[in-house]
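Dear colleague,

I am handing over the structure we discussed, placed just below. After it you will find my notes on what was found, in the order in which I would look through it.

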Amino acid sequence: MSSETFIEKIGRQQVEKGLISSRIRTKEMKEDVVLEVINLKKFFNIPIPFETTWFMLAFVAAVVVFAFNITIGLSIMGGVVVLYFLLPNIPPFNKRPKVAHLKAVDGIDLHIRRGKIVGLVGESGCGKSTAAKTIIRLLEPTAGSVYFKGIDINRLTSVEMKEIRRHLQIVFQDPYASLNPRATAHDIIIEPFAIHGVASGDEASYKVLSLLKDVGLAPHHAYRYPHEFSGGQRQRLGIARALALEPDFIVMDEPVSNLDVSVRAAIIQLILELQHKMGLTYLFIAHDLSLVKILCDETNVMYLGKIMESGTSDEIFENMMHPYTKALISAVPIADPTKRSKKIFLTGDIPTPINPPPGCKFQTRCPLVSDICRLEEPPARWYSKSHVAYCHNIEGGEESPEAYVK
Amino acid sequence: MATVDKVDKEEFLLDEKTLREIESMKGAGQWSIVWRRIKKDKMGMLGLYIVLFLIMMALVSWILLMVDNWLTSANLLLGDPNNPASLNNLYIELWYPGMDQSNPIVLFQHPRYQFADQSTLPPSWEHPFGTDRLGQDMLSRVFFGASVSLALGFIGQMTTVIIGTVLGSLAGFYGGIIDNVLQRVIEVLYSMPGFILMIFIIVLFEDVQIPGGKYAVVIVFFSLIGWGGTALIIRSNFFSLKEQDFVEAERALGASDMRIIFRHILPNSLAPLIIIITLGIAGVIFTFAALAFFGFGDPNAISWGDDLNKWQNNLLDYPWMPMFPALFIFFTVLGFNLLGDSLRDALDPRLKD
Amino acid sequence: MSLKGYIVKRVIYIVPVMLGITLMNFTLINVSPGDPVIVRLGLLHCETPECYNSAYNREAIEMGLLDNDMYTVPWFERYIDFVNDLLHFDLGRSWYNTQAGVGIPISQLISERMVYTITLNVLSFIFSLLLATAIGVVSATRQNSIWDRSLTIAMLLGYSMPLFWLAKLIMLLSYSLFNFTGVVSKDAFKTPLIFNPNFYKYLILPTLALTLGGLVFMARLVRSQLLEILRQDYVTTAKAKGLDNRAVIYKHAFRNGLLPIVTIIGSSLPGLLSGSVMVESVFGWPGLGTLFLEGALFRDYPLMMATNTIFPLLFLVARLLTDITYVFIDPRIKY
Amino acid sequence: MSRPPEDVLLEIKGLKTYFFTEEGVVKAIESIDILVHKSETLGLVGESGSGKSVTALSILGIVPDPPGKILEGEVIFHGQDLRKLSDADMRKIRGNQIAMIFQDPMTSLNPVFTVGDQISEAIILHQKVTKKEAREKSIKIMSLVGIPSADERVDNYPFEFSGGMRQRVMIAMALSCNPELLIADEPSTSLDVTIQAQILELLKATSEEFDMSIILITHDMGVIAEMCDRVAVMYAGFICEVGDIIIIFKSPYHPYTRGLLGAIPRPDAAREDLTIIRGAIPNLINPPSACRFHPRCDYWMEGLCDTILPSIVTIEPGHDVRCHIYTEEGKAWMQQHGEKREISTMPKKATG
């Protein structure tokens, strides 16, 4: 492997191809910042099947027109095309919207510094996993940008992206689904070497074995299939695959939530140990708050595609401001029968993120809800340099973090 | 504080020898599990034996016919020129030293050879399956019919499966407009009862002359219209597999589309493909037999379906004539169905773990 | 959308599919080699070309070809004419079925024969559905018992039996038992159908054959579906409520099991229609299947074209009905 | 802390359930003894595959058969052995005196019937009321479990409810006949924390209102700590330890209980406090001999734990442990080998 960094390599590739270097947007970033996510949005379009009806109506109409001997000079394709574009504009047919927007991620900002574990917590369906996949560009974002070491990765071509992918990895939630059931552990872990042409033959096999050792598996596990491993061992394999290319940054998408309690602790130990050894940075996604509390340096609380509150873990767990965070933390059962706490109960369930109403996302369940919540997006309130909550109805705080810079 | 698994974290040396040893320790793959399950299933094994037996029979008869054709075309006449029954009949005689050479035990006769004055004989030691109206030995007809009947099944099914897999995987992986067009085409093809469409096409293209005879035309059209089912199954399989985490993981590693399709998704679609092929062969053999039965086969071919067609009206007076070809069609379909059912159970992912 | 809207939408949906089918059939006829007239003349032996030509012309006029600009108008314009005629329920005249030298209108032929096919198919479909349900429930609830095993093997044997051969065997059996082959003689149905005892007499064997054919297919389906359903969580819930086995199976399991069965039967209807062609032809039952096979054997293109339009239409209508049924039994369907 | 015998509602003695599958015999439950008192909440905690759910199904006698079979044991409810009852008598108890709710509310409701139908089905079955009365009763009970506008939603189908609401429907169904015992099999596992808190609160409130005992099955020590009066810890088909909740959480006696408590993040713990149990949960087709925990146990006495099954030792009334550290054999072994095996009362730092 050459000594040039991927930033230089991408630059060189561009010069070789004669592309304008300004095509890639870069950003001045502090040395210790690995990843910065700015106003990231990911909407899914849910097509409404009515579109097919237009098509069929157009088709039928065109054919009928054609069959009864046309004099107006429409050809069959012309008929279809014209009607297809005309029909949505004719009153009876334009009543339904073409698509619904599922706003899975609706503008999140993250700031991840080197060597930190940043937590992203939220209930199911709040868009955590979509955010994770969008950050490492497994999904194309609708808007916003992700700067990895100063490069906006969403502007890269697939060849350039491949280079970046060596430094951005992901570990999935379901250790069984994330491993190809028809490949052995060896095949699975050698895959990154083969894709990037880093190593081959015995050298690659050697690397595989030492990776297995790193994640706490024995060499005789190399030729087993995923179904022969236990859940914890499968997750170790997933971690080994993510580590193979020596990445800087790993997204941990609920890596332990499908594991048994006793195995869970071992995987967390492994994750921490690897971070120590290799200087990794994690984005740790979880729904288990007690885990996030002990594991993460910084915590972001997410609800329906938006960050509600973020700050260092201490700030979030000791000094939470947002009503949602308060309810969420109080709802976590505490493993100590002498400390049965009084809980804040949220009413109702999480609404669907399809075409949400304007204003604060939390308005339907918020105990503090007022009229303004239904109209305007809540402003940011800063309680320290790093602690921010988004709510209309909380007291104190400053309007920008600058107040704390001194 | 306990550290990461003591048991799992044994130190190891990584010299050449260890590497080789580890390589030789390859774990039991999924196929060995499948094989173990089939072995446990008695009906499945019965199906497998039937299928293997039929394939053997088809291969032997095909080779014999090939040799016969070659000898005839090379004008090499073997055997006793005075005894027409032994002319060029490499495949019929059991002969051992000291035996009367002019009167060997006849196992299989040339399927087109007509025994003079021996028509419509019921089954006997000499003709275990009897003879037909033309004086042909039914056992030989049935034996040599195997190659055509099975070949039609295999070729017909393989071509449709290949077309279906290619189109289905493209549609399933890329979705969008390809998928839309494919779905519309399949809808049209699927709305026609396949058997009726085949008859329609055979009648229309009766006069087409292409090498391989009438059945070649039939096979071509069969593959052109028969791929819909496979394509639909493979498409939905691709749809669900491409959402799986392991494919996402490949993407995160930077793998190309082709690598994902061919090295990850397709191998995981093998199970449904195998089931489609096994059960499909039974269906294709059945379809061709039905076509032949209703007179849309090739009357000159030696196949079970055509024999059945020829003698179907003799069922009441000479039942052995149509009975034996029908029985063999039945056993073939049964064998493939048994094997397919057993494979379906064995490959069922829900039973894993 | 309301149920009515859904049905309207589905009915409209049939139109493009039918257009696709007729277009495919029409194209196939037009790209196929060979002159239909020559095919019909067959092995006619003529010494002189004049003799042959006159025979050709006579035949062609009888088939109504020379009037129809068969050789001058491009095929796609003839296709439009065909669709136009189709919209007026005019399917042309048969070449083979003639009356006083003129072909009988195909729509008349089909409307005469349709009732036979529908009677046969509907009857055997109902019988096989009922029997298949009974057999499936028995095998699924007594899994691995002697009943289940023998029924499963019987169903498998039946499934592997070619339908046409099954029909032949039934014919043979009936002949040896009752000296009755069940093959329809031409003059059996001269009086109106319902009052004709012959009609019912000759209906028995084809219905039996077709019932058996559908039965083996459906019984296997019902059994595997029920086994699948009985493993579901809500069945355990029902048991935990204190319901007895009968209620669990007939109330909770059965209605859920019905859903996939309806879909699969809906999509396998072409197979069942093919089966009906086979059975009709074996017993000479004067339905659409026999009509089609006769037309195919004698290269009656208009007739083939017409049946190839009618069969998919029957299938599409049947599938429409199953889809509507589905809406009624599954509340989750949002149309 | 033991309570008088007339207070006992359900007693399970030596229950043994196996599953006879293709791969082999799954020895899901080897020997289970549990006492449930009147109006108490008993927690049954264990990891996946420890046989918690099978225990629940065995109590109700609805283990899927084949492949499952209850081989031995007694399930004594109100002084009568449920296993000796006829099928018809057992059905009168199921859903009426003992009700059950399941883990996954998405799949445990029949998708093609309205929730009203499904709730009133049990009422009609056990209470001989008309359809109309049953419907009214279901509406009442639905609003009791906190389903808003129950009189409209009674005619909705399960798919029109969210996960939390479905679990409420399940609870309504279970409560419909005022059962004396409710078996809740992981009632909150598939739900979000905020919904979980609602459901647990609902269970707590209804158990008080109906004076009902609950067997709460879960793998989450937090839920146990919040909800239960007593707890039974299960591992691979055995009960390791039973006792009062405060005692178990403060000073666990069994190495597995200790490991389990150490492996979860406690409210005031730091990263370093997480301890782990090495190895993995055994395959129950071929489980470890004798004490099934011995291959993962730090206190494994070689030659004893893997040959002789420890008997149940009563530490104090109401607190039973099945471990050789406390048996006579174990003490003899320790004396003979000169090694001391003792469980430190609690994982470090947890109390300080």
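I begin with a pair of side chains, C:K241 and D:E121, which meet in a salt bridge with an N to O distance of 2.8 Å. The pair crosses between chains, since C:K241 sits in the loop between α9 (233-240) and α10 (245-267) of chain C, while D:E121 belongs to helix α3 (residues 115-127) of chain D. Please keep in mind throughout that this is a predicted model. Over all chains, the count of salt bridges comes to 32, and two others among them are described below with the interfaces to which they belong.

The contact between chain B and chain C

The contact draws on 46 residues from chain B and 52 residues from chain C. Between them the two chains bury about 4200 Å², and 77% of that area lies on carbon and sulfur atoms. Polar pairing between chain B and chain C amounts to 3 residue pairs in polar contact, counted where both residues are at pLDDT 80 or more, and the number of salt bridges between chain B and chain C is 1. That salt bridge is formed by B:D341 and C:R220, whose closest N and O atoms are 3.1 Å apart. On the side of chain B that touches chain C, at least two residues each come from α5 (176-191), α6 (194-204), α11 (270-293) and α13 (320-346) of chain B. The largest share of this side, 11 residues, is supplied by α13(B). Sorted by class, the side of chain B that touches chain C holds 34 nonpolar, 5 polar and 7 charged residues.

The contact between chain D and chain A

Here 42 residues from chain D and 41 residues from chain A take part, and the two chains bury about 3400 Å² between them, with 59% of it on carbon and sulfur atoms. Chain D and chain A have 9 residue pairs in polar contact, again with both residues at pLDDT 80 or more, and the count of salt bridges between chain D and chain A is 1. It joins the side chains of D:E226 and A:K343, at 3.2 Å from N to O. On the side of chain D that touches chain A, α6 (163-175), α7 (193-210), α8 (221-227) and α9 (245-250) of chain D each contribute at least two residues. By class, that side of chain D has 24 nonpolar, 9 polar and 9 charged residues.

The sheet in chain A

Within chain A, 8 strands form an open sheet with mixed pairing, in the order β6-β7-β8-β3-β9-β10-β12-β11. Its edge strands are β6 (168-171) and β11 (380-382) of chain A, each of which pairs on one side only. On average, and with direction ignored, neighbouring strands of this sheet are turned by 20 degrees against each other. Strand β3 (residues 117-121) of chain A runs parallel to strand β9 (residues 298-303) of chain A, and 4 bridges join the two; A:V121 stands opposite A:V301 in β9(A). Helix α4 (residues 128-135) of chain A lies across β3, β7 (249-253), β8 (281-286) and β9 of chain A, and runs at about 155 degrees to β8(A).

With best regards

Key: Residues are numbered from 1 along each chain as its sequence is written. Chains are lettered from A and ligands numbered from 1 in the order in which they are written. This is a predicted model: local features need pLDDT of at least 70, side-chain atom pairs count only at pLDDT 80 or more; totals for chains, interfaces and linings use all residues. Side-chain values use heavy atoms; hydrogens and water are left out. Contact means heavy atoms within 4.5 Å. Buried area is the accessible area (1.4 Å probe) that two parts lose on being put together, summed over both. A salt bridge is a side-chain nitrogen of Lys or Arg within 4 Å of a carboxyl oxygen of Asp or Glu. A polar contact is a pair of N or O atoms within 3.5 Å; within protein, one must be able to donate a hydrogen and the other to accept it, and residues adjacent in sequence count only if both atoms are side-chain atoms. Ala, Val, Leu, Ile, Met, Phe, Trp, Tyr, Cys and Pro count as nonpolar, Asp, Glu, Lys and Arg as charged, and the others, Gly among them, as polar. Two strands pair if DSSP finds at least two bridges between them. Axes are lines fitted to C-alpha atoms, for helices over the stretch in contact, and angles run from 0 to 180 degrees between N-to-C directions.
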